[in-house]
Amino acid sequence: MECRLDGQVAVVTGASSGLGRAVALLYGQSGAAVVVNYHRDAEGAAEVVRQIGQAGGRALAVQADVAEEAAVEALFDAAARHFGGIDILVANSGLQQDAPVAKMTLEQWRRVIDVNLTGQFLCARAAIRRFRAQGRRPGAAPSLGKILCMSSVHEVIPWAGRVNYAASKGGVALLMRSLAQEVAAEGIRVNAIAPGAIRTPINAENTEGEAGEKLLSLIPYGRIGTPEDVARAALFLASDMADYVVGATLFVDGGMTLYPAFRDNG
Ligand code: NAD
């Protein structure tokens, strides 16, 4: 058995950059038709679509703010209309709006929770409704559908100055596990990936130069991750190779959650 997604349709949110982009490109190379969702970066999304097409795959760019209910419904409608169904959701969109707690505005709190947590709820709900309505698709996987939630090591590691972000990812952890428990009996597999420090636009300031060197002390494996490290995990979890993996969070973090500061302390 190989990690292939031939004949399947994947919706990847926030796929115009970073991890979503890498997942979309690898899924495209692995035989899936890919819906490349983007929020503002139409050019970035068009480039991802172009690259998938150039490699012989099929892709479609669709704009949607994942925090908006109607936009998410329209995203899934467009995906199903264009490709005839949906087999995989990668709920990847996310953002940070950092501030020390005393300075964090309610707007900053709400926006991060709206995109990172409510966005995942809206997308997962839309996907589950689709999986149920379309039933088992000819030639599709043994599962009825698959959902991957993009979490973070900050679903378990507290993060000062980013209480909104850490709370959103802590929420994603139990959203994912509760969803998995609710829908597994129907053959829907829900899992999560928790990346550590991966070099993407979301954390460019913390992964380059001196800050990048400092970050390495938190990573036992001794390097900052690449989007492709995460994309390979996303391919495995969506493929039939992972058909018995249900409700799991795969940490792709070079060992960051091993708390390396305790190696010579404590
Ligand atoms: P990124 O900024 O490149 O990607 C985030 C994507 O989400 C962007 O394409 C952005 O346009 C999209 N997005 C933001 N708001 C949106 C909205 N309202 N509707 C639709 N899309 C929206 O950064 P990334 O590192 O690729 O982040 C992807 C995911 O991975 C996020 O959920 C992030 O929290 C998570 N993550 C990243 C890291 C890391 O080190 N890079 C670590 C842990 C978790």
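In this predicted model, helix α1 passes helix α2 in a right-handed crossing. The two helices, α1 at residues 18-29 and α2 at residues 42-54, pack at an angle of about 20°, and their axes lie 9 Å apart. That angle makes α1 roughly parallel to α2, because angles under 35 degrees count as such. On the α1 side the contact is formed by Arg-21, Ala-24, Leu-25 and Gly-28, which meet Val-48, Gln-51 and Ile-52 of α2. Sorted by class, the contact of α1 with α2 has 4 nonpolar, 2 polar and 1 charged residues.

Helix α1 also packs on helix α8, residues 227-238, where the axes come within 8 Å and cross at roughly 50°. This makes α1 oblique to α8. The crossing of α1 and α8 is right-handed. Helix α1 contributes Gly-18, Leu-19, Ala-22, Val-23, Leu-26 and Tyr-27, while α8 contributes Pro-227, Glu-228, Val-230, Ala-231, Arg-232, Ala-234, Leu-235 and Ala-238. The classes in the contact of α1 with α8 are 11 nonpolar, 1 polar and 2 charged residues.

A further pair is formed by helix α4, residues 106-134, and helix α5, residues 163-183, which pack at about 15° with axes 8 Å apart. Helix α4 is therefore roughly parallel to α5. The crossing of α4 and α5 is right-handed. From α4, the residues in contact are Gln-108, Trp-109, Val-112, Ile-113, Asn-116, Leu-117, Gln-120, Phe-121, Ala-124, Ile-128 and Arg-132. Their partners in α5 are Val-163, Asn-164, Tyr-165, Ala-167, Ser-168, Lys-169, Gly-171, Val-172, Leu-175, Leu-179 and Val-183. By class, the contact of α4 with α5 has 14 nonpolar, 6 polar and 2 charged residues.

| Helix pair | Angle | Axis distance |
|---|---|---|
| α1 and α2 | angle of about 20° | axes 9 Å apart |
| α1 and α8 | cross at roughly 50° | axes within 8 Å |
| α4 and α5 | angle of about 15° | axes 8 Å apart |

Helix α4 has some features of its own. It bends by about 35° at Asp-114. At 1.5 Å a residue, the 29 residues of α4 should span 42 Å, and the end C-alpha atoms of α4 are 40 Å apart, which agrees. Just after α4, Gly-135 takes a positive phi of about 65°.

Note on methods. Residues numbered from 1 in each chain as written. Predicted model: local features only at pLDDT ≥ 70, side-chain atom pairs only at ≥ 80, totals over all residues. Heavy atoms only, no water. Axes fitted to C-alpha atoms, helices over the stretch in contact; angles between N-to-C directions. Helix = DSSP H or I, 4+ residues; strand = E, 2+ residues; numbered from the N terminus. Parallel < 35°, antiparallel > 145°, perpendicular 65-115°, else oblique. Left-handed = near helix turned anticlockwise from the far one by under 90°. Contact = heavy atoms within 4.5 Å. Nonpolar A, V, L, I, M, F, W, Y, C, P; charged D, E, K, R; others polar. Expected span 1.5 Å × (residues − 1). Bend = angle between axes of the 7 residues up to and from the residue.
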